Amino acid sequence: MRRLLIALFLVLSVLPALAVNPDEVLSDPALEQRARNLSGQLRCMVCQNQSIDDSSAELARDLRVLVRERLANGDSDSQVIDYVVSRYGEFVLLKPRLSAKTVVLWAAPILLLVVGAIAIFVFVRTRPNQRTVAALTPEEQARIEELLKK
Amino acid sequence: MIVEIGHYALVLALATALILSILPVIGARRGDMAMMALATTGTLTIFLLVAFSFGALTWAYAVSDFSVRNVWENSHSLMPLIYKYSGVWGNHEGSMMLWLLILVFFSALVAVFGRNLPDSLKANVLAVQAWITVAFLLFILLTSNPFLRLDPAPAEGQDLNPVLQDFGLAVHPPLLYLGYVGFSVCFSFAVAALIEGRIDAAWARWVRPWTLGAWTFLTAGIAMGSYWAYYELGWGGWWFWDPVENASFMPWLAGTALLHSALVMEKREALKIWTVLLAIMTFSLSMLGTFLVRSGVLTSVHAFATDPTRGIFILCILAIFIGGAFILFAWRAPMLKAGGLFAPISREGALVLNNLILTVATATVLIGTLYPLILETLTGEKISVGAPFFNMTFGLLMLPLLIAVPFGPLLAWKRGDLLGALQRLYLFAALALLAGLAFYYVQNGGPVMAIFGLALGFWGMFGAIADLWYRGNFSKVGLAVGFRRLAGLPRSVFGTAIAHFGLGVTVLGIFSATLFGTETVVEMKPRATVDAGGYSLTFDGMREAVGPNFTEERGHFTVSRGGVAIADVWSSKRLYTARRMPTTEAGILTFGLSQLYVSLGDPMEGGGIVVRIWWKPFILCIWGGALIMMAGGFVSLSDRRLRVGAPSRKAKPVKATLEAAE
């Protein structure tokens with residue numbers, strides 16, 4: 001990322017007139033970096049499944065410019081996100097916030113992992129005691145197999 | 001006329017499949033050899049009929065018969081011949097035909113190579129395959145018929161979607177479907193086992209090659225699709241967590257889990273019920289993927305609501321098969337006997353951990369993909385679940401799995417020695433960390449955490465080597481004896497090591513390309529120069545060119561390093577004449593495993609043009625790793641144990657005479 005910034009910086013400083021979309025790229029590399037990070041989190045509203053960072057749509061461009069304007073005005077990252085959400089709704093966030101309606105989405109992986117682990121634990125525990133089984137002689141094992149088959 | 005015969009062949013296939021859905025099952029119940037043998041001939045008949053039908057459609061495309069509606073909609077007389085062929089499956093109806101063709105192809109494979117299966121199991125498996133065939137034949141004939149005619153016939157076609165006019169499309173769907181639909185065999189085996197109420201280690205041995213084959217093709221299909229998206233879509237991304245991608249990724253994750261749990265079942269007779277459940281779930285996810293992609297429900301819930309025939313039809317197929325299989329499972333699974341015991345720290349235990357994580361990862365992708373749809377349907381509220389969500393949740397889940405992978409093969413069955421495995425691996429772990437550091441140093445910059453990501457990739461690679469190293473016992477017996485020992489090992493051991501190595505390579509590529517890649521966006525005029533990834537690109541100007549069915553503007557760039565010109569790149573913007581649709585064709589230059597990716601944007605006032613240049617260090621590792629995994633799959637598939645298959649069947653003279661009579 002640092003190299004990207006250096007590259008951007010070089011391009012901007014040496015050939016200012018040639019820089020792409022001068023209204024978009026910010027002169028401050030740190031701000032531009034934050035803008036890129038935020039753009040990756042925001043959905044292009046008219047695209048299928050693209051962030052505004054990836055999209056070439058007009059609307060995505062407007063949103064990118066908006067994000068940069070807010071950042072240049074001194075907004076924090078979360079303030080920018082809040083502002084964009086207030087204008088476009090939750091739909092604009094590619095990573096939805098934790099709320100009543102997304103709690104299942106966020107909790108599911110953790111919950112499944114825990115439930116799965118408990119299920120395995122219980123399953124292993126309720127099976128015949130390991131030590132007893134280990135103490136069986138091969139003849140006894142064979143006899144059990146035979147009984148089980150019946 | 002050929003088209004009509006093709007249509008008719010499809011109807012005949014449906015009739016045959018209907019018969020095949022019932023008679024072999026009754027035969028298996030009654031022990032009626034003749035009825036069971038019907039399954040084999042019937043399956044081959046269906047395959048020939050569907051293959052003929054598919055051939056008829058392909059013929060219509062090859063000769064550009066625009067009186068066939070499907071051809072008119074998706075082809076053009078000037079299109080290169082290869083795209084006329086691949087265009088057959090570049091649309092909804094044709095891709096369902098390909099789905100069906102591959103389904104009956106797999107049924108035919110079971111019919112031919114399943115000679116050593118018990119007769120009743122084989123009959124049941126083929127009958128279940130026939131049920132699926134009936135469902136999809138009905139779907140094609142009733143809602144997605146590719147053989148409908150147009151009258152009067154138009155003089156020229158509407159052309160194939162330009163994005164699909166690519167070699168990638170010729171290869172990607174067949175590979176993907178070979179994987180996707182290949183899991184149907186596992187599903188049929190699971191359902192057949194439930195019908196019979198009997199399942200043993202031999203069952204797992206019969207199922208494993210099919211799982212392995214399907215998994216291998218699916219790996220190739222997904223990797224191919226990812227690379228295709230990477231170079232065709234023109235913004236340098238290679239995985240977007242798009243619902244369509246997720247649809248193919250979920251069966252892959254579940255299939256990977258199945259591959260590992262079937263191993264436990266085959267070797268130790270444990271995890272029987274779980275393996276059967278996984279086999280059902282994997283193909284259910286394949287069908288769910290088909291529903292998601294084919295019903296249009298992903299584009300928007302409303303688009304689905306306005307023309308729901310196809311969607312509802314597949315939804316019914318889904319409900320019947322998945323619901324039916326689960327009901328059968330709930331009813332029959334308790335009859336299956338539990339198998340071998342094992343301690344938590346053991347090979348089995350490691351494979352259970354693998355299954356736990358992979359299953360939760362599958363569920364996470366599934367929930368993330370469906371959540372917006374379900375929420376909108378229930379409450380009308382719209383939310384998005386995109387790449388940032390999946391990267392976070394899926395990434396966190398994969399972390400422990402990737403760390404654990406090298407331990408698995410080093411643990412013994414039944415009761416393993418974790419401390420021993422640690423002692424054997426710590427040197428390899430140190431090496432991995434060192435390699436990560438060295439890589440980081442060479443890349444010269446980037447976040448410090450990157451070292452651990454890189455080391456994780458190397459850990460996967462070195463762990464696979466460690467597995468072979470200790471199996472050959474190289475440290476004690478020396479190189480010569482070690483290699484002789486390795487030569488004596490079954491091929492599946494190498495398959496495992498190769499596939500795990502490939503996984504490490506992919507992880508390395510992912511971290512390297514995302515953490516060390518650079519992006520440069522500039523407006524360039526002719527003779528302007530830009531630096532990217534240690535190379536300088538000089539823009540030489542634009543040139544007009546005309547292709548068979550498109551016109552293009554090609555930008556020429558000279559790439560130089562240290563003032564010396566070393567290569568040329570052309571990056572172009574095409575306009576496909578029939579659909580007036582523009583596409584970008586990225587210029588990609590490969591240096592070793594790294595790539596320079598040049599994509600053209602909009603022309604600016606004053607003769608300049610926007611150029612986007614990405615430097616992607618070691619990005620080829622991502623797909624190279626997948627290819628290595630695939631190679632691992634094939635090596636494992638060539639294992640003698642799987643080739644020869646099941647234990648030798650007792651001689652059955654009845655069957656022999658039947659075959660002679662045929």
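**Working chat: hairpins, sheets and a chain contact**

Trainee: Start with strand 5 and strand 6 of chain B. How many residues sit between them in the hairpin, and which turn residue has a positive phi?
Mentor: The hairpin has 4 residues between its strands, and B:Arg580 in the turn has a positive phi of about 50°. Strands here are DSSP runs of E with at least two residues, helices are runs of H or I with at least four, and both are numbered from the N terminus.

Trainee: Before we go on, what kind of model is this?
Mentor: It is predicted: local features need pLDDT of at least 70, side-chain atom pairs count only at pLDDT 80 or more, and totals for chains, interfaces and linings use all residues. Residues are numbered from 1 along each chain as its sequence is written, while chains are lettered from A and ligands numbered from 1 in the order in which they are written.

Trainee: What sheet are they in, and in what order do the strands run?
Mentor: An open sheet of 5 strands in chain B, ordered 2-3-4-5-6, with antiparallel pairing. Strand 2 and strand 6 of chain B are the edges; each has a single partner strand, so one side of each lacks a neighbour in the sheet. On average, neighbouring strands of this sheet are turned by 30° against each other, direction ignored. Axes are lines fitted to C-alpha atoms, for helices over the stretch in contact, and angles run from 0 to 180 degrees between N-to-C directions.

Trainee: How many bridges join strand 4 to strand 5 of chain B?
Mentor: There are 12, and the two run antiparallel. B:His556 stands opposite B:Trp570 in strand 5 of chain B. Their hairpin has 2 residues between the strands, and B:Gly562 takes a positive phi near 60° there.

Trainee: And strand 3 with strand 4 of chain B, how many bridges?
Mentor: 10 bridges, again in an antiparallel arrangement. This hairpin has 3 residues between its strands. B:Thr538 has B:Thr558 in strand 4 of chain B as its bridge partner.

Trainee: Which other sheet order turns up in chain B, with 4 strands?
Mentor: An open sheet ordered 1-9-8-7, with antiparallel pairing. The twist averages 15° from one strand to the next. Strand 8 (594–603) and strand 9 (609–616) of chain B share 7 bridges. B:Tyr597 is opposite B:Trp614 in strand 9 of chain B.

Trainee: Change of topic. How many residues of chain B touch chain A?
Mentor: 45 residues of chain B are in contact with 36 of chain A. Contact means C-beta atoms, placed from the backbone, within 7 Å. Helix 13 of chain B gives the most to the chain B side, with 11 residues. By class, that side has 25 nonpolar, 13 polar and 7 charged residues. Nonpolar covers Ala, Val, Leu, Ile, Met, Phe, Trp, Tyr, Cys and Pro; charged covers Asp, Glu, Lys and Arg; the others, Gly among them, are polar.

Trainee: What is chain A made of, helices or strands?
Mentor: 7 helices and 0 strands. Of its 150 residues, 27% count as buried. Buried means 20 or more other C-beta atoms within 10 Å of a residue's own, exposed means 12 or fewer, and partly exposed lies in between, with C-beta atoms placed from the backbone.

Trainee: Where does B:Val71 lie?
Mentor: In helix 3 (69–74) of chain B. B:Val71 counts as buried because it has 29 C-beta neighbours inside 10 Å. Leaving aside neighbours within four places in sequence, its contacts include B:Tyr61, B:Phe66 and B:Gly157.

Trainee: Last one. At what angle do helix 18 and helix 19 of chain B pack?
Mentor: About 170°, with axes 7 Å apart; helix 18 spans 491–516 and helix 19 spans 620–637 of chain B. That makes helix 18 of chain B roughly antiparallel to helix 19 of chain B. Angles under 35 degrees are roughly parallel, over 145 roughly antiparallel, 65 to 115 roughly perpendicular, and the rest oblique. By class, their contact has 17 nonpolar, 12 polar and 1 charged residues.

Terms used
Two strands pair if DSSP finds at least two bridges between them. Two residues are in contact if their C-beta atoms, placed from the backbone, lie within 7 Å.
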